[in-house]
Each structure stands twice: as C-alpha cells, then as structure tokens.
Amino acid sequence: MFDLPVADKKDRRNYAKFRHFLLDEGFQMAQFSIYYRLLSGKEVAEKYDKAIRTNLPPKGTVQILSITDKQYENIRTYTGKKKEPSEKQTQLVLF
C-alpha cells in the first residue's frame, strides 16, 4: 500500500516509476495505490521487501502487509450483491 505525492511533475514521475516497478515485479492492482502479489513463503517475501526498499520513491509512505494463506482464505469479495469465492493461494503481500 502506498500514498505518494503527485503535486508536481517530478512527484508524478516518481509515482509512475514506482507503480511500474511493482507491475514489472508481478504485482497486481487491488485498488488505487494497493498492489498485491501471491508468494510461496517468508523467504520470497523478504526478497520482495528488500527490492521494494531499494526502489522506494524519495517522498511518500509505503506500507507492506504480509498475511498467511489461512488468513487469505478468509477474504470475502463482494461485487455488487454477489459473493465471489476467494481463490485458495499460499501467501499474500499487499503494497
């Protein structure tokens, strides 16, 4: 999850650069400024944590949230009035 300034041209460029970095690393957008990627374990999550720290924009806030596969199984998704079942995955990291 991230909250980056977009007040001027340089800020917008840094926002776009960080967003494209996440997409290039295989992250998917859940909502504006919330990206996620399913990972196979804690070691892999630590690798991505390091990569994100290396590519942090100069301003703004970036938060990383890791949840287990059991926690991810409890996610309920509603689109309109329909309930959509969550896919069973191993681990989720949100940015």
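**Tyr48 and its surroundings in a predicted model**

Leaving aside neighbours within four places in sequence, Tyr48 is in contact (heavy atoms within 4.5 Å) with Glu25, Phe27, Arg37 and Leu39. This is a predicted model, in which local features need pLDDT of at least 70 and side-chain atom pairs count only at pLDDT 80 or more, while totals for chains, interfaces and linings use all residues. Residues are numbered from 1 along each chain as its sequence is written, and side-chain values use heavy atoms, with hydrogens and water left out.

One of these contacts is also an aromatic pair. Rings of Phe, Tyr and Trp (its six-membered ring) pair if their centres lie within 6.5 Å; planes under 30 degrees apart count as stacked, over 60 as edge-to-face and the rest as tilted. The structure holds five such pairs. That of Phe27 and Tyr48 is edge-to-face, with 5.8 Å centre to centre and 85° between the planes. The pair links distant parts of the chain, 21 residues apart: Phe27 lies in the loop between H1 and strand S2 (28-31), and Tyr48 in helix H2. Both residues are buried, that is, under 20% relative accessible area with a 1.4 Å probe and protein chains only; over 50% is exposed, and partly exposed lies in between.

Phe27 and Tyr48 also belong to the largest nonpolar core, which has 11 residues, including Phe2, Leu4 and Ile52. Such a core is a set of buried Ala, Val, Leu, Ile, Met, Phe, Trp, Tyr and Cys residues joined through side-chain atoms within 4.5 Å. Helix H1 (9-24) and helix H2 (42-54) are the elements that give two or more residues to this core.

The protein chain has three helices and eight strands, taken as DSSP runs numbered from the N terminus (helices H or I, at least four residues; strands E, at least two). Of its 95 residues, 24% count as buried.

The charged side chains form three salt bridges, each a side-chain nitrogen of Lys or Arg within 4 Å of a carboxyl oxygen of Asp or Glu. Asp11 pairs with Lys59, the closest N and O atoms being 3.3 Å apart. This bridge joins helix H1 to the loop between H2 and strand S4 (61-62), across 48 residues. Asp11 is buried at 7% relative accessible area, whereas Lys59 is partly exposed at 46%. Arg53 and Asp49 meet at 2.7 Å, N to O; because they are four residues apart in helix H2, about one helical turn separates them.
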